[in-house]
Amino acid sequence: WQATSSLEGPWRGTSFVQRAEASAKTGYVFPNAQWRSIGTQFNAQHHRTWHNLGGNRYDGTEQMLRGNLLYIGRLAPQHHTFSAGASFVYNRFEEAASWTDSTEVNWQRAERVPGLFFEYTFNDNDRWNVVAGLRADAHNLYGRFLTPRLHARFGVTENISLKATAGQGLRVPTPLMEQLGPWASRRSWATWMGGSAAPLNLLEIEPERATNWGLNATAAFKLNHRDASLALDAYWTRFENRLVVDMDWDPSILLLYNLSGQSQAKTAQVEFDWSAHRRLDVRLAYRYVDAVTDRIQPEHRRDPFVSRHRGFAQFSYASRVGDEGSQWRADATLQ
């Protein structure tokens, strides 16, 4: 903490990250059944972050260990396969923070999450490809969770395909580390309790959980005797719970609270790709996003800094390949 700042002096900021990571994988394929195997996956991480931004200080350490035991097999006939296994995650967080308004927080959390998972795959090598999975986890702090997912693809013709996806996801937020931007301001941090802002209490924050659905249609065709494709996407994500980071309730406070109403995001996208010339490629895309979250005041509003309309155009050119393999490439992009 060598760098300091005050209201009278210049604003200064320092940050430092220390990280170490190790991973290991091993597997065994049965000699008389190449479609059957068993394996293990391990990953360990140590991550520490310090920063002092305008006198607001943070020191956070995460220690994580993840292990998977995986078995892959086949059901008769051969286009029915599955994978199953067990996992264990250990995650320990130690965080210390202080702000220029004299607020201080010391927070520790140790997560131990054993789990089981099963995934079934159907692939007829013709039109259908379906992947269905289910996880069951037991969190030592937040109880048991079931998280299903489904992916399906259907080939209507050789050049037209339809895809559908659905699933659920869960994560435990770490707001002191994830909300880095407000550290550089003079905002105070608080939680919402009993109808008013209260001193920051990370124990009140619950895991985030969301359900998502998606559809995709892709068509490949010829345009002026050149390859082209058109893709249409539509996705909907609905949060059963979410950490709301509210910087509009009071301009001097960053307010954290669990979702008490609705939060959802609807996205639609169209993308066109065309090889207009043997050395010229064109890509055009448009995306519409409708993301809303119920807040304390006003109750229902769009998420800030999320563009509703976004357009993208790219033109890529590549020259002929020279005798020694040399080539020029250039592209122009408009967003």
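The legends below describe close-up views of a predicted model.

**View 1. The largest cavity and its lining.** A search of the whole structure finds one cavity of 30 Å³ or more. The space in the largest cavity amounts to about 80 Å³. Its lining is formed by Glu95, Trp107, Arg109, Tyr142, Val172, Pro173, Thr174, Pro175, Leu202, Ile205 and Glu206. Sorted by class, this lining holds seven nonpolar, one polar and three charged residues.

**View 2. The largest pocket and the strands around it.** Two or more lining residues come from each of strand S3 (56-75), strand S4 (80-98), strand S5 (104-123), strand S6 (128-139), strand S7 (143-155) and strand S8 (160-171). The largest share is that of S5, with six residues. By class, the lining of the largest pocket is made up of eleven nonpolar, eleven polar and nine charged residues.

**View 3. The second largest pocket.** A volume of about 390 Å³ is found for the second largest pocket. This pocket is lined by 16 residues, and those closest to its centre are Gln179, Arg242, Val245, Arg295 and Pro304. Strand S13 (residues 243-246) contributes the most to the lining, with three residues. In terms of class, the lining of the second largest pocket has seven nonpolar, two polar and seven charged residues.

View 4. Phe221, Leu223, Leu230, Leu232, Val270 and Tyr286 together make a nonpolar surface patch of about 450 Å². Strand S11 (208-223) and strand S12 (226-241) are the elements that give two or more residues to the patch. Val270, another member of the patch, belongs to strand S15 (residues 263-277). With a relative accessible area of 31%, Val270 is partly exposed.

**View 5. The loop between S11 and S12.** Asn224 is placed in the loop between S11 and S12, and His225 lies in that loop as well. Asn224 is not a glycine, yet its phi is positive, at about 55°. His225, also not a glycine, has a positive phi of about 65°. Asn224 has a relative accessible area of 58% and is therefore exposed, the cut-off being over 50%. At 75% relative accessibility, His225 likewise counts as exposed.

View 6. The structure holds 15 salt bridges. One of them joins Asp59 to Arg48, with the closest N and O atoms 2.8 Å apart. Asp59 is in strand S3 and Arg48 in strand S2 (residues 37-53), so that the pair links distant parts of the chain, eleven residues apart. Asp59 has a relative accessible area of 17% and is therefore buried, the limit being under 20%. Arg48, in contrast, is partly exposed at 26%.

View 7. The side chains of Arg301 and Asp248 meet in a salt bridge with an N to O distance of 3.0 Å. Arg301 is in strand S17 and Asp248 is in the loop between S13 and S14, and the pair links distant parts of the chain that are 53 residues apart. Arg301 is partly exposed, with a relative accessible area of 27%. Asp248 also counts as partly exposed, at 41% relative accessibility.

View 8. In the salt bridge between Arg283 and Glu271, the closest N and O atoms are 3.6 Å apart. Because Arg283 lies in strand S16 (residues 280-294) and Glu271 in strand S15, the pair ties together parts that are twelve residues apart in sequence. Arg283 is partly exposed, with a relative accessible area of 36%.

**View 9. Ser252 and Trp189.** Ser252 is situated in the loop between S13 and strand S14 (253-258). The relative accessible area of Ser252 is 39%, which makes this residue partly exposed. Ser252 and Trp189 are 63 residues apart along the chain, and their C-alpha atoms are separated by 8.9 Å.

**View 10. Arg302 and Ala84.** Arg302 is part of strand S17 (residues 300-302). Its relative accessibility of 37% counts as partly exposed. From Arg302 to Ala84 the C-alpha to C-alpha distance is 41 Å, and the two residues are 218 residues apart in sequence.

Note on methods. Residues are numbered from 1 along each chain as its sequence is written. This is a predicted model: local features need pLDDT of at least 70, side-chain atom pairs count only at pLDDT 80 or more; totals for chains, interfaces and linings use all residues. Side-chain values use heavy atoms; hydrogens and water are left out. On a 1 Å grid over the protein atoms alone, a cavity is a set of points where a 1.4 Å probe fits but cannot get out, and a pocket is an open set with protein on both sides within 12 Å along at least five of seven lines; lining residues have an atom within 4 Å of a point. Grid points are joined across faces, edges and corners, and a volume is the space filled by probe spheres set on the points. Ala, Val, Leu, Ile, Met, Phe, Trp, Tyr, Cys and Pro count as nonpolar, Asp, Glu, Lys and Arg as charged, and the others, Gly among them, as polar. Patches are made of residues with over 30% relative accessible area and no salt bridge: like charges are joined within 9 Å, nonpolar side chains (Val, Leu, Ile, Met, Phe, Trp, Tyr) within 5 Å. Accessible areas come from the Shrake-Rupley method with a 1.4 Å probe; for residues, only the protein chains shown count as cover. A salt bridge is a side-chain nitrogen of Lys or Arg within 4 Å of a carboxyl oxygen of Asp or Glu. Helices (H or I, at least four residues) and strands (E, at least two) are DSSP runs, numbered from the N terminus. Buried means under 20% relative accessible area, exposed over 50%, partly exposed in between (1.4 Å probe, protein chains only).
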